6 protein chains.
Amino acid sequence: MSVELGRLVSQLNSYLRVSDFKEGAINGLQVAGKKQVKKIAFAVDGVLETIEKAVAEDADVLIVHHGIYWGFQYPLRGADYKRVKLLMDHEMALYAVHLPLDAHAEVGHNVNLLKGLGVAPESLEPFGDYKGMPIGFAGKFSRALGRDTVTEKLAALLGGPVQLLPFGPDKVRSVACITGQGADFASVREAKMRGIHYYISGEATHPLYHFAQEQGMSVALGGHYRTEVFGLHALREYLGKNYEIETVFIDCPTGM
Amino acid sequence: MSVELGRLVSQLNSYLRVSDFKEGAINGLQVAGKKQVKKIAFAVDGVLETIEKAVAEDADVLIVHHGIYWGFQYPLRGADYKRVKLLMDHEMALYAVHLPLDAHAEVGHNVNLLKGLGVAPESLEPFGDYKGMPIGFAGKFSRALGRDTVTEKLAALLGGPVQLLPFGPDKVRSVACITGQGADFASVREAKMRGIHYYISGEATHPLYHFAQEQGMSVALGGHYRTEVFGLHALREYLGKNYEIETVFIDCPTGM
Amino acid sequence: MSVELGRLVSQLNSYLRVSDFKEGAINGLQVAGKKQVKKIAFAVDGVLETIEKAVAEDADVLIVHHGIYWGFQYPLRGADYKRVKLLMDHEMALYAVHLPLDAHAEVGHNVNLLKGLGVAPESLEPFGDYKGMPIGFAGKFSRALGRDTVTEKLAALLGGPVQLLPFGPDKVRSVACITGQGADFASVREAKMRGIHYYISGEATHPLYHFAQEQGMSVALGGHYRTEVFGLHALREYLGKNYEIETVFIDCPTGM
Amino acid sequence: MSVELGRLVSQLNSYLRVSDFKEGAINGLQVAGKKQVKKIAFAVDGVLETIEKAVAEDADVLIVHHGIYWGFQYPLRGADYKRVKLLMDHEMALYAVHLPLDAHAEVGHNVNLLKGLGVAPESLEPFGDYKGMPIGFAGKFSRALGRDTVTEKLAALLGGPVQLLPFGPDKVRSVACITGQGADFASVREAKMRGIHYYISGEATHPLYHFAQEQGMSVALGGHYRTEVFGLHALREYLGKNYEIETVFIDCPTGM
Amino acid sequence: MSVELGRLVSQLNSYLRVSDFKEGAINGLQVAGKKQVKKIAFAVDGVLETIEKAVAEDADVLIVHHGIYWGFQYPLRGADYKRVKLLMDHEMALYAVHLPLDAHAEVGHNVNLLKGLGVAPESLEPFGDYKGMPIGFAGKFSRALGRDTVTEKLAALLGGPVQLLPFGPDKVRSVACITGQGADFASVREAKMRGIHYYISGEATHPLYHFAQEQGMSVALGGHYRTEVFGLHALREYLGKNYEIETVFIDCPTGM
Amino acid sequence: MSVELGRLVSQLNSYLRVSDFKEGAINGLQVAGKKQVKKIAFAVDGVLETIEKAVAEDADVLIVHHGIYWGFQYPLRGADYKRVKLLMDHEMALYAVHLPLDAHAEVGHNVNLLKGLGVAPESLEPFGDYKGMPIGFAGKFSRALGRDTVTEKLAALLGGPVQLLPFGPDKVRSVACITGQGADFASVREAKMRGIHYYISGEATHPLYHFAQEQGMSVALGGHYRTEVFGLHALREYLGKNYEIETVFIDCPTGM
């Protein structure tokens, strides 16, 4: 079974609502490839390491959350050269979807992480803001859980350690999540104003510690990488169903 | 023994070269206080927790690396209100010094961390750039050390774990350092161009992992907080000598 | 009788439509205060002189047209320190409402000044523009008055001298008003285009003289301070009615 | 006696250091005119009223402090049309010099006002800043005078009333001046830091009242127009001497 | 027969939808003139040469596509002085209409050029974009023509040579046009995406050659001047019908 | 004979003073290539057509005046993909030098065009400005020539037609040149002020016609392409001498 690259790209662009988001990154086809797609690889990062593995898997398209265009030009030298050369040598296309994959209501990182954690699906609502678009989600457990219980469930879901800034209430009913680098002052302030008990993200920087403390908000940091595999797994499942095509997930955790 | 606040502030401003740096943060006296200063407290962060401890220590001035003005106005409500109220209730002044304390050649974070690590003092040279001013330092060991040896020494110096992105050479002679949140693409690229073998900072975000990997640079992350106590200890010692005044360091580690 | 500060603030924010206006100044609660409000003071300017008088009046909240945040940060030193310290020492809250008080259709400066002058209330219409929001009002007398008559009535209403740039028609039926520093070229041009005979503001600068002359528009300048007490009196009356709470107006004219 | 317009303009541009100043206004020849110049008129404002009087005086060039170009384009309609048409009908050139006439060390407004007030000429130093260029002057009386004495002398010099914000010391030795609309926070702050006792300008707006009060600075406002005739009188004298040409000053006070 | 200038201007502004377009150029009356208009001249460019000819024709208004205000101020010297002086000496008004005349559905350059070329009027649709407004048109021939046939018809219509970048299909059914300097990358890309076979403009610069080649688009360049007479002829006809007033077209081709 | 790519690039960067120019385009190595360079191709434009010919010539580096990076990012699709793929498939490097090749005093377009025209080499001086750097040259013939003679010589030198805007003096002694798209208002104005008789560029747009006419300046337009081969021929000769390496010039004229 195979699908034409042009058709795949235009259906992905439409399904992921790629044109709704304004950001520096290019969302969509970043590097063209061969016409017929038989196998799609998925990875968090579009870097040498994952491209090499996708080549080894004989994939025709690599779909990533972090692509190679972030708002500015650069010459094709060094690793930048090698990435593109490897793609071109194998006519492997690179498709990137950044904020639209945070925000998506079906295959997004945030909805799928929260569902995996046991949040009631019907309680899920958009959360956060990037230039006018929500990119996260908030929801409720069907009953309040202990804060440590939530943290343990999260660690189990992510398959790795969670750093908790433990400044919110002991009992957790409502949670919000923006995966990756989503733990900034604005998000914690919005969480506070919306009565969230427990805010989940991937990573944060030092100033957030005291801000969370002074706001009285629990912030759980599960790792940028580990919180951003959810959307790729979900998108893989979605495309697998729709195209009956071969797919593979390439796992390159960074520990960050 | 005591010193007049006005005199202390103007000597600090001059010694730390506060007016040489253009940044959003206000460097210098952020909140006024009582006229005579008998005791000075030092802390990395100017937050409720450290202000409360400085009050308990009966300090007249609190000198911090991270103050309360970062380039924009905000109303005095919630924790922002409490911080200022606590300071004013005890007429405790708040003096903040951000980039000038990264960059300082005598009491700066970077020079003191590198010296503590065993880098040859005469080899130290400015490194990095913030709007035209270098804010870090680079230097050389008197002889090459194993990469793991350097990492162990760093962990011992910092008194805590170091996360190493181990992509540079096994033997380390030249190192560079920008403490805190100083591990960005530009710094790693500069390190590469200047032949640095091992780059030290406090914290980094996920995209740096693959960038360091593709550049072939070792990046050691010792924690934002733990890498930024050096300048405050050094400044405390400097002021202690000059004013024969009581001083205290307030330790509130964040684990970040 | 008393009202909770949080409730007072959120009702004021809503009644005054504080979030409809984009400006540098912070509209709303600028400095927090004690929880229960028994007495509210009103003043044009939130400055040392008025804060001292509000303290003498034992007020719990000071509501002003000109607050202490105008779009940029500043350190708390000198008079800036004293203002905040005085407020905090007495746990007196500071609430500021700038453009929303110019523009308000019930308690605004402009509608109340024009009504006081005898303009027919049913003729009042929004006038002027600040980033897409009208901030003044225009209206009609029920019959035309002599220009000097209008000026005399205005002086009587304001309780002080009026400087008239007497370049419009002798008979005045339609007037427009933007209090304070509202006499710029754009307003005079709009007045001209809308057939206004007499434009009222608080103060103007030199270039307006010849502009008014060349446009053939009468401009009456009644003083920044004296034209901007109207909204505060009206708001005081409104809150007095709604909360049965003690109120006081603090008069500190500047002669400007 | 006559002078060629081209030669006059290029000598004025050079003498007044027109190219040293970056501002919205065009400094130099704003509207061309007839080749030979026999009579020059001087006025504060380049407006219909002064152009008409210059025509009545049969002047060939009108030199003004406030010209007709302030940084943006506008169509030639209404009064804007009439001004240019009147100039062109009489082939009268319009030469404008704005900030360079504030700042000039010989024929500037500020030096000549301060000398007229009795400030010791050898004590005069640049004061104030506009985008990196000083535009005012500061100086000292040979001995301290009473504040009211200075105000009376200023009123006599200007030939009109002076509004005094009387918040500085009773005895005045050092004064600073930026004529016209030169009384802003930055100038008063600089005056305070340089130990000035008495600051002179033309006009100010309401917020300056409390700022001057809180800074403890006396601010004397003598009128925008009346403080800005000095440079034109001085330039007239200078040109009269250099070219033996007929000159006339056109007085159109605005009371502002 | 005559028409009042004010009425003519306001009807033109409305008919041409002048206020719908945001651009640097002033659209509308750029220079005022005598009250009664008996004769209107039309020209592509509002320059000395055309103003002189309009004077010779004794016109009261000159309507142009390219006026004298393009977004910035300039002093009235040299040719800039002469243009305005000539207009004012004869009280001839200057009315300019730039983008609104490209975009107009009845009297616009593009619709009239395309109709002249034989494109089916009912097929015409807006094309191109300038800050959110379409300024060109696209349409279809009733049957496909040979590319050379289209080029010959275009040359005949324009009365001069056409430079063809012959990179599109041999058979042409659909064409698009933005006259003047309308051949940029965005327009060619839009043409490609909309299935256009042949794109017409006035002039292009060198980089377009290879872009057109690589996109496979035929681009026909008929001259900036020659493609922009169409709207003026159509507007002349429209005004002639509506006002029964004398009109004249002033032809000053530039060969560009 | 061969040269290492790294050494070639760093010597070119230094010789061409690539880092002195701030522009959107990337000057220097835009796409990496094989390590050893045996043959260098030169072309005006780095486009599919020239890359294909360089491949046919078996070149290892293609040096162009117009590269593929102009200040913004774009995805690698369509022709953008093909260009890079062709380069990478043959490991051919792409080196681009834009403004530095206009401005260069030895191998620049402008000096070499002017020398070819017979201008006295010792009279050559920098001309024009791009963000603070001159990018053209001006010079003098040893004696005045007729304007038509100069135009004929230019046409002969360029090997193609020259469009002359014939508005300057009949006798030409001093000429200036900015090749390519260098004929804007600022350049013509500078030429006028510096007493130039004849200004040479590659192409201009319609508004320049009347501007040149009103300024009284002759402007000769010899084609963007044809005026920008000079620097590439000169650079080819320079490199041929220095490296004894094979070189080839790839001629793809655009007629523009």
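These legends accompany close-up views of a predicted model.

**Figure 1. Chain A as a whole.** Chain A carries 10 helices and 13 strands. Its radius of gyration is 19 Å, close to the 18 Å that the globule rule gives for 256 residues, so chain A is as compact as a globular protein of that length. Along the principal axes, the C-alpha atoms of chain A fill a box of roughly 55 × 40 × 35 Å. Of the 256 residues, 60% count as buried. Take the contacts in chain A between residues at least 6 apart in sequence: 69% of these join residues at least 24 apart.

**Figure 2. Surface and charges of chain A.** The accessible surface of chain A comes to about 10000 Å². Carbon and sulfur atoms hold 50% of that surface. Chain A has 26 positive and 29 negative charges.

**Figure 3. The contact between chain D and chain C.** Chain D supplies 27 residues to this contact, and chain C supplies 27 residues. The area buried between the two chains is about 2200 Å². Carbon and sulfur atoms give 57% of it. On the chain D side, D:H206, D:E214 and D:M256 lose the most area to chain C. Together these residues make up 34% of what that side buries.

**Figure 4. The contact between chain E and chain D.** Here 22 residues come from chain E and 23 residues from chain D. The two chains bury about 1900 Å² between them. Of this area, 61% is on carbon and sulfur atoms. In chain E, the residues that lose the most area to chain D are E:Q73, E:L76 and E:M88. Together they account for 37% of what that side buries.

**Figure 5. Chain pairs without contact.** Chain A and chain E do not touch. Their nearest C-alpha atoms are 14 Å apart. Chain B and chain E are also joined by no contact. For chain B and chain E, the closest C-alpha atoms lie 32 Å apart.

**Figure 6. Surroundings of C:T151.** C:T151 sits in helix α6 of chain C, which spans residues 147-158. The relative accessible area of C:T151 is 13%, under the 20% cut-off, so this residue counts as buried. Leaving out residues up to four places away in sequence, C:T151 touches C:V162, C:L164 and C:Y198.

**Figure 7. Surroundings of E:L87.** E:L87 belongs to helix α3 of chain E, residues 78-89. Its relative accessibility is 0%, so E:L87 counts as buried. With residues up to four places away in sequence set aside, E:L87 touches E:V31, E:I51, E:M92, E:A93 and E:L94. E:V55 is 32 residues from E:L87 along the chain. The C-alpha atoms of E:L87 and E:V55 are separated by 8.2 Å.

**Figure 8. Loop residues with positive phi.** Most residues other than glycine have a negative phi. Two exceptions are shown here. B:R17 has a phi near 55 degrees, a positive value. B:R17 lies in the loop between α1 (5-15) and β2 (28-31) of chain B. At 48% relative accessibility, B:R17 counts as partly exposed. The phi of C:E91 is near 45 degrees, again positive. C:E91 is in the loop of chain C between α3 (78-89) and β6 (93-96). Its relative accessibility is 36%, so C:E91 counts as partly exposed.

Technical notes:
Residues are numbered from 1 along each chain as its sequence is written. Chains are lettered from A and ligands numbered from 1 in the order in which they are written. This is a predicted model: local features need pLDDT of at least 70, side-chain atom pairs count only at pLDDT 80 or more; totals for chains, interfaces and linings use all residues. Side-chain values use heavy atoms; hydrogens and water are left out. Helices (H or I, at least four residues) and strands (E, at least two) are DSSP runs, numbered from the N terminus. The radius of gyration is taken over C-alpha atoms; the globule rule is 2.2 Å times the number of residues to the power 0.38. Buried means under 20% relative accessible area, exposed over 50%, partly exposed in between (1.4 Å probe, protein chains only). Contact means heavy atoms within 4.5 Å. Accessible areas come from the Shrake-Rupley method with a 1.4 Å probe; for residues, only the protein chains shown count as cover. Lys and Arg count as positive and Asp and Glu as negative; His and the chain ends are not counted. The place of a charge is taken as NZ of Lys, CZ of Arg, CG of Asp or CD of Glu. Buried area is the accessible area (1.4 Å probe) that two parts lose on being put together, summed over both.
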